Amino acid sequence: RSNLLFPFYWSYKTKDYNNKIFFPLMWSLKNTKYKSFTLFPIISKGKSSDSLRKHFAFTPLFWHFKNKNDYRNILFPIFWNKKTGVGENTVRSNLLFPFYWSYKTKDYNNKIFFPLMWSLKNTKYKSFTLFPIISKGKSSDSLRKHFAFTPLFWHFKNENDYRNILFPIFWNKKTGVGENTVRSNLLFPFYWSYKNKDYNNKIFFPLMWSFKKPDFKSFTLFPILSFASSNDKTKKRLITPLFFYNKTSNNESRFNFLYFLYDHYKKDTRKSTSILWPIFKTSRDTNLKYFRLAPIFWYKKTSKNRYFSIQPFYYHNKNIEYESYHFLWQLFTYQNYYNNKKSRNFLWKAIYLDNYENGDYEFRILYLLFANVKKRGKVEKSLFPLYQFSKDSKGNRSLHLFFYFYHSYKRKIPNTDEFYQEDKIFWLIRLRSNKKWLKRKGISY
């Protein structure tokens with residue numbers, strides 16, 4: 001039997017169906033597998049003939065769904081409650097927005113009371129955090145541990161390694177065993193040490209330095225004396241406040257008086273002299289000419305490179321790879337990388353534009369404040385902090401909106417043709433992902 005009173009009423013009835021619609025307010029639907037009743041927008045309920053599937057909704061805000069061993073309860077937008085699976089495959093999750101979130105399986109038991117408390121547990125590690133006072137945790141085999149008290153003290157242990165931190169004044173670290181042991185200590189700003197099988201270094205700042213390496217050792221008592229030598233005694237160095245002298249077996253020597261006042265260096269055909277360093281310096285070699293009268297005049301010429309500068313007005317540099325000009329120091333810079341790209345920068349890259357020979361380009365203002373980039377198969381666009389988007393030729397993609405309030409990304413899974421995809425809000429709340437789908441296919445992401 002069927003009836004139609006257009007446009008208000010429609011009914012259809014057979015031995016298997018009994019459906020009625022009072023448009024647009026009421027639906028009554030019934031068949032051999034499921035029956036339901038809806039009074040829009042106040043209530044909707046229904047269940048299957050075997051009672052394994054059910055649903056109930058009251059106003060557009062509350063929803064209840066039951067499907068054999070699974071159920072979901074939603075009080076939009078503040079409460080989500082979900083249970084899937086049976087036995088050891090049971091998965092339970094709860095969300096009381098924005099204060100509480102929990103997730104429990106046979107391997108995980110995680111709880112977050114935002115933003116103050118985290119309780120995380122899986123088969124390998126469990127931890128508890130009461131922010132910002134305390135955090136502690138350890139692995140199931142007790143080989144890895146961590147403990148933090150207030151934001152200042154931190155302790156980490158990992159089998160044969162450990163770290164202790166009392167921020168910002170003390171760091172203590174040990175890694176490895178036996179001859180591979182490495183130890184380091186820092187008592188800021190007075191003491192630092194580092195020791196392994198080859199090195200034994202200590203600094204008592206600012207007065208004493210002691211270094212020992214496999215082929216070299218040195219000792220400094222500032223500002224009186226500094227002495228260093230190789231373990232085979234073939235190289236030595238002596239420094240006092242008045243002069244420095246060093247000579248090696250490969251025809252290399254250096255002498256300076258009061259360090260800055262006069263310095264002379266010679267090796268083979270190369271000679272270099274400095275007076276009142278760094279004001280005046282001249283160097284000469286077979287393929288080198290260099291002269292400096294700082295801070296105004298610089299000149300250098302080699303077989304592959306030359307530059308000339310009168311500061312701060314003009315600088316020109318040319319070599320086999322590129323040529324560049326600078327005007328008024330970093331106010332404006334032009335660079336031409338031969339057969340590759342041309343680059344223009346304003347106020348030392350506060351604004352810069354690169355144009356590549358292959359059609360790629362990169363335009364940025366304060367790097368991420370505004371960005372429009374197409375380079376090496378990657379596209380990037382940014383209007384920070386409202387919008388940031390990137391993708392590449394491999395299919396990887398990322399989108400951030402309103403300072404990471406919303407984050408969506410797609411990441412290629414190595415050694416497969418699949419991608420891991422995920423959407424988040426509030427930095428850590430996952431709205432959706434293809435995690436279960438990948439898990440059913442046996443893909444580790």
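Which residues make up the largest nonpolar core? This is a predicted model, and in this model that core has 5 residues: Y409, I413, Y420, L438 and I443. In soluble globular proteins, nonpolar side chains tend to be buried together.

Take I413 from that set.

Now the pockets. The largest pocket holds about 1600 Å³ of space. Its lining takes in 39 residues, and those nearest the centre are S93, Y103, R430, K435 and K436. By class, that lining has 15 nonpolar, 12 polar and 12 charged residues.

Where does the lining come from? At least two residues each are supplied by β9 (70-75), β10 (79-84), β11 (91-96), β12 (100-104), β13 (109-113), β48 (429-433) and α1 (435-440). The largest share is from β48, with 5 residues.

On to the second largest pocket, with a volume of about 150 Å³. There are 13 residues in its lining, and K145, F156, K157, N158 and R163 are nearest the centre. Two or more lining residues come from each of β17 (144-149), β18 (153-158), β19 (161-166) and β20 (170-175). The classes here are 7 charged, 3 polar and 3 nonpolar.

One last point, back at the core.

How values were computed:
Residues numbered from 1 in each chain as written. Predicted model: local features only at pLDDT ≥ 70, side-chain atom pairs only at ≥ 80, totals over all residues. Heavy atoms only, no water. 1 Å grid on protein atoms, 1.4 Å probe; cavity = no way out; pocket = protein on both sides within 12 Å on 5 of 7 lines; lining within 4 Å. Points joined across faces, edges and corners; volume = space filled by probe spheres on them. Helix = DSSP H or I, 4+ residues; strand = E, 2+ residues; numbered from the N terminus. Nonpolar A, V, L, I, M, F, W, Y, C, P; charged D, E, K, R; others polar. Core = buried A, V, L, I, M, F, W, Y, C linked by side-chain atoms within 4.5 Å. Buried < 20%, exposed > 50% of the residue type's maximum accessible area, 1.4 Å probe, protein only.
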